[in-house]
Amino acid sequence: MTVAFAIIAVLTIASAIAAMTMRNLVRCALSLILTFAGLAAAYLQLEAQFVGFAQILVYVGAVAILIVFAILLTRGSEAPQQPIVSSGWKVGCIVAAAVFALLAWMIAATRALPTKPSAPPEITVHQIGDQLMTKYILPLEVVGLLLTAALIGGVIIAMREREIVPVTSLPKEGHS
């Protein structure tokens, strides 16, 4: 493991923890964007260029920006009044640790893992892009439409909230 990969991993984990524990939704969304960017950097560090750039384009460039727009358009930046930690957090931590230990033991004890690493496939980013633009163009377009529909839905929700006029701002009868 290189020093750069370790730094990227620590920053990614720290930003993911920040995204889970912050009370301000805007800061939480920005931490999530940093987590997505850290994952993309880890993919690029592991020489998985296509997955890294797809992570940047899809998650950092589209999904995270949609989250920020949705939060800002629906005025969800106010911190909730509920406690940040639920009453059963200790039980949750114990269950999570037990599941992690079980999965780690099962992975270590399996015989399905190859003893020697296989040769990496000789597929280039150009070949993957060519397949996306020919054979898999329909799923790519569906994802684009889904993201566009999510953005339009956020705008419609924000517009409906602005159309509702509070009772205190209506003109009183008899006054001109």
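**View 1. The buried residues of helix α1.** Five side chains are picked out in helix α1, namely I8, T12, S15, A18 and A19, which are its buried residues. Seen down the axis of α1, these buried residues fall within an arc of 125°, so they line one face of the helix. The structure shown is a predicted model. The cover over the buried residues of α1 includes helix α2, residues 25-45.

**View 2. The other side and the span of helix α1.** Exposed residues on the other side of α1 are V3, V10, I13 and M20. Helix α1 comprises 19 residues, running over residues 3-21. At 1.5 Å a residue, α1 should span 27 Å, and the distance of 27 Å between its end C-alpha atoms agrees with this expectation.

**View 3. An aromatic pair between helices α2 and α3.** One aromatic pair is found in a search of the whole structure. The pair is formed by F36 and Y59, whose ring centres are 5.1 Å apart; their planes lie at 45°, so the pair is classed as tilted. Distant parts of the chain are linked by this pair, with F36 in helix α2 and Y59 in helix α3 (residues 49-73), 23 residues apart.

**View 4. Accessibility of the two paired residues.** F36 has a relative accessibility of 14% and therefore counts as buried, the cut-off for this class being under 20%. Y59, at 37% relative accessibility, counts as partly exposed, because this value lies between the limit for buried residues and that of over 50% for exposed ones.

Definitions and conventions. Residues numbered from 1 in each chain as written. Predicted model: local features only at pLDDT ≥ 70, side-chain atom pairs only at ≥ 80, totals over all residues. Heavy atoms only, no water. Helix = DSSP H or I, 4+ residues; strand = E, 2+ residues; numbered from the N terminus. Expected span 1.5 Å × (residues − 1). Buried < 20%, exposed > 50% of the residue type's maximum accessible area, 1.4 Å probe, protein only. Arc of directions from axis to C-beta. Contact = heavy atoms within 4.5 Å. Phe/Tyr/Trp six-rings, centres within 6.5 Å; stacked < 30°, edge-to-face > 60°.
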